[in-house]
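This briefing is for a reader who is meeting the structure for the first time. It moves topic by topic through the places where parts of the model touch.

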Amino acid sequence: MYWCFASKETILCFFTLILIDVSHPDWSKINKHIFILSEAGKPIYSRYGNEEKLVTIMGVMQALVSFVQDSDDTLQSLVAGNRKYVFLVKGPLILVAVSSLEDSVPQLQLQLTYVYHQILSVLTGAQLEKIFEQLRNYDLRKLLGGTEKFLHNLLDMMDRDPSFFLESVQCLPIPVHYRDSIASSLQHAKTKSLVFAILITENQLITLVRPKKYNLHPADLHLIINLVNASTSFQSCESWLPICLPKFNDSGYLHAHISYLSEECPACLVLLSTDKDAFYELAESREKIIKRLTVKSNCIPVISEAITTNKYGLDYIIGSEIWHFLYKSKTYGQFVSPKCRPPYNTVEEQTRLQELYKYLHHRMHASAKPLKLVYRLRSQEALLGWISETFELYAVFNPLVSKTVAIGNVKRLMAIIKQEEDKLFIVNARTF
Amino acid sequence: MTEKSPSTLINFFIFNTTLGQEEGTEHEKILFYYPDADNIDKQSRSVGLSEAIVHFCGTFAPDRPCEVVQTLKSRQVFYQPEENFWMIMALTNKDGNNIVYHQDEVQDQALQSILMLSYKIFRLFNGPFSMTFNESVDSCRELLKHFFTRFIKSIKLAQQDLQDVLQGIRFLPLGKQQFLKVQQFINLIEANFSNITYAQLLFDDQLIWSSLDLDHTQILYGYLTTNLLPNHQEAEVASSLDPNMNRYCLFEPLCTVTNYLFITGPTELGHAASIGKIPRIFINKNGKWEIFAVIVYKVLVDVYIDYYYYNLTSTIDFFRKLDKFIGPQIKQLTFDIAEQNIINRRLSLTEMQYRFIYFNHMNCAFKSSIYPKINQPAIIGPDLMRLFCDIHAEFDKSKSNEEFLAKTATDCWVVGKIADQRELFVAQNLKNGSLLDINDEMKKLVGSLFGNIFYFNS
């Protein structure tokens with residue numbers, strides 16, 4: 001009876017998750033639904049509620065999509081008040097998002113694409129096509145069984161982590177010479193079939209080594225981060241599992257060797273190989289890496305410290321004037337952001353903060369009329385968005401601060417980021 | 001680069017969900033459909049899809065009906081003017097040979113305002129949909145066809161902008177003295193003619209007085225300034241160019257002698273037969289729709305217009321009496337107002353330095369240096385105008401006092417402010433200007449143009 005230990009909210013959430021359907025009074029209160037169905041209208045997944053009970057509504061979705069298809073067109077979105085309905089047809093799947101949050105239509109389309117990629121990461125595109133070619137009415141849940149938690153986790157992450165709409169990754173701030181020696185340790189463990197070696201912690205990247213010819217797309221990296229985050233089983237033992245990275249190659253699997261550096265250090269090492277029998281080969285690589293990290297450079301305690309204290313981060317900039325910010329370096333394709341402090345210290349407020357960023361991001365990137373700078377003063381906060389050739393900055397200020405003071409703060413912030421650039425970002429890309 | 005063509009209308013239809021409930025009779029739902037070249041099957045499909053979408057959205061939020069549908073090739077806007085009635089309009093445009101709808105071509109709110117406005121004008125002349133619908137569905141279809149076929153021809157998609165969304169009223173500011181004179185004049189008319197219920201007074205396209213409520217004033221003002229009066233003027237210009245036209249020759253003596261005339265009503269006070277057709281309008285008086293006639297009376301000195309509503313029966317005697325009563329009084333009043341207008345024009349020279357739109361939600365007052373005249377296209381680029389529309393839509397959503405400053409990709413600054421239901425939008429070119437520079441510029445503008453509005457001075 002684990003429930004005894006769960007908070008009342010979690011239990012409530014759990015029940016809502018299972019019991020809710022269209023007739024439930026809380027149905028319309030849910031702020032973001034995600035549905036996946038097959039082209040034949042068979043339910044595959046629903047973020048809330050049991051998809052069995054949602055057969056009718058998913059049938060309607062399928063009917064709408066195919067009705068529009070009949071006239072040689074594609075249904076994209078509906079808007080009703082503050083609620084957006086976004087449809088995405090990908091291969092044999094129909095994905096639908098219903099959101100009353102700030103997410104714009106393009107942002108929701110991106111999220112649905114992520115959901116689709118998550119499914120591909122389990123099945124590969126080739127297999128998915130083949131299944132539905134053979135049996136149009138196939139119940140895909142048979143093959144996806146057990147992977148729902150990864151979808152759930154991905155969806156939760158997309159609601160609170162800016163990496164997704166920024167299409168970039170956040171790095172763990174760490175002094176450059178430490179980062180360099182960590183990367184060298186990874187480089188030294190190269191084997192025949194090793195493609196990517198990645199060291200991550202929670203949602204931050206520590207370092208990444210890749211082949212000269214290939215890049216790891218942020219979208220693929222997010223899937224790996226989600227995989228590590230969604231499961232606790234990797235902490236106890238070395239794991240070996242196939243994963244398809246759709247941007248890298250959507251028709252085949254890579255094989256991932258996943259393990260934590262040590263019991264004390266919450267950094268996770270992911271080694272990706274093209275060979276499905278390479279477990280022992282990669283386990284050996286892991287041993288080499290750990291040995292080098294402990295004996296040669298003593299990096300493990302540095303990583304642990306960076307994770308727990310965030311000593312090298314930018315948290316100290318946050319104060320009574322500037323409340324929070326996101327800074328994305330276009331040069332490195334990475335971003336930095338401080339930990340949330342008051343007023344963003346509750347889950348509700350953090351969600352709201354993400355909403356503000358999503359709004360600002362969309363406002364600045366709206367395709368027909370992109371903007372260079374936006375300053376919006378609202379009763380709760382002042383928002384600043386600034387895009388140049390090399391960076392994107394999104395910041396939230398105390399609404400009582402004058403524009404002069406706000407601009408002063410921004411200048412200071414930019415100077416500090418410039419100065420600490422090599423700590424905040426991975427500035428030297430490493431290859432095998 | 002491929003040529004982008006402007007948006008074009010695919011269809012425009014109105015349907016009632018209570019009709020055609022049985023399978024195979026879905027086409028009965030349709031009350032109006034444009035283009036009528038579409039066959040019944042295609043019409044039923046369009047209506048069927050729209051209804052399905054309405055239902056679908058209803059399962060998630062019953063109180064928020066669907067507003068916009070986006071497909072790869074088209075954009076549809078929905079409007080539910082009355083219970084069970086839906087108005088739907090779909091647009092498309094071509095990108096070279098590919099039909100792909102450009103999402104940002106025309107702003108959603110501007111599109112919806114077309115539907116809303118068309119409905120309100122319809123209601124003004126015919127009463128609500130349900131009124132005729134409940135009498136007879138067939139006559140309702142006839143009426144809609146008669147009205148909307150003409151309306152659709154007048155839609156200018158490319159020109160739809162913030163002006164259409166706001167449906168504002170340009171007021172003519174008057175001094176206290178003149179304002180009291182106007183009020184006295186109106187009161188005298190309403191007191192002397194018991195069948196005159198409401199009165200409105202306009203100078204050129206600026207409103208001076210209206211005794212109607214705001215909603216009706218707004219719609220009637222819009223109709224008069226964008227439709228009736230420009231049409232009348234055109235006819236007048238045409239007649240002066242073509243002196244052979246009999247009808248207008250009859251006009252001549254009247255114009256030169258008295259300098260004023262009825263635009264709706266008798267063309268000649270000596271002939272009872274010349275009363276002609278007087279427009280009827282529906283006004284919601286204490287929750288009941290009542291029919292009124294509109295009489296527009298115009299003084300030629302300075303395009304000065306004045307009209308009255310009264311209960312239906314009208315004899316030539318009434319017009320003679322009205323003419324005799326108004327005639328002598330209005331001359332002095334016109335003179336005063338014209339004088340004030342000259343002063344106002346001088347003031348507006350300062351306004352012309354800036355490119356702005358001001359709108360007050362409380363009285364729908366609209367002021368702008370961007371439109372040379374009402375119903376004319378804006379003098380700022382469509383990109384800036386779309387940004388204005390976007391900012392307005394965001395203000396509309398948040399409903400609190402806010403400020404918005406933005407620098408576009410072409411280095412132009414756009415500023416929006418909303419305070420106590422007053423909105424101000426400004427576009428300003430400031431080469432290499434910073435956020436602080438534009439902030440100073442705004443302070444200057446607000447100081448010189450809106451110094452008397454406390455809320456903007458923060």
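**Where the parts meet**

Across the interface of domain 1 of chain B and domain 2 of chain B the rule finds two salt bridges, a salt bridge being a side-chain nitrogen of Lys or Arg within 4 Å of a carboxyl oxygen of Asp or Glu. This is a predicted model, in which local features need pLDDT of at least 70 and side-chain atom pairs count only at pLDDT 80 or more, while totals for chains, interfaces and linings use all residues. Residues are numbered from 1 along each chain as its sequence is written, chains are lettered from A and ligands numbered from 1 in the order in which they are written, and side-chain values use heavy atoms, with hydrogens and water left out.

**Domains 1 and 2 of chain B**

- Chain B is divided into domain 1 (7-160), domain 2 (176-347) and domain 3 (351-449), with bounds that come from an automatic or database domain assignment.
- In this interface, 10 residues of domain 1 of chain B are in contact with eight residues of domain 2 of chain B, where contact means heavy atoms within 4.5 Å.
- The two domains of chain B bury about 940 Å² between them, and carbon and sulfur atoms give 76% of that area; buried area is the accessible area (1.4 Å probe) that two parts lose on being put together, summed over both.
- R123(B), L124(B) and F125(B) supply 61% of the area that domain 1 of chain B buries against domain 2 of chain B, more than any other three residues.
- R123(B) also forms a salt bridge with D215(B), in which the closest N and O atoms are 3.9 Å apart.
- Helix α2 (residues 108-126) of chain B gives the most to the side of domain 1 of chain B that touches domain 2 of chain B, with seven residues; helices (H or I, at least four residues) and strands (E, at least two) are DSSP runs, numbered from the N terminus.

**Chain A against chain B**

- The contact between the chains takes 46 residues from chain A and 43 residues from chain B, and the area buried there is about 4100 Å², of which carbon and sulfur atoms give 60%.
- On the chain A side, F67(A), K369(A) and K403(A) lose the most area to chain B, together 15% of what that side buries.
- The rule finds eight salt bridges across the interface of chain A and chain B, and D390(B) forms a salt bridge with R363(A), with the closest N and O atoms 3.5 Å apart.
- β3(A) pairs with strand β3 (residues 68-71) of chain B in the antiparallel sense over four bridges, strands being taken to pair if DSSP finds at least two bridges between them.
- Within the strand pairing, L78(A) stands opposite V69(B) in β3(B).

**Domains 2 and 3 of chain A**

- Chain A is divided into domain 1 (8-160), domain 2 (169-309) and domain 3 (315-424), and the C-alpha centres of domain 2 of chain A and domain 3 of chain A lie 30 Å apart.
- Nine residues of domain 2 of chain A are in contact with eight residues of domain 3 of chain A, and these domains bury about 740 Å² between them, 49% of it on carbon and sulfur atoms.
- In domain 2 of chain A, V169(A), Q170(A) and C171(A) lose the most area to domain 3 of chain A, together 55% of what that side buries.
- The count of salt bridges between domain 2 of chain A and domain 3 of chain A is zero.
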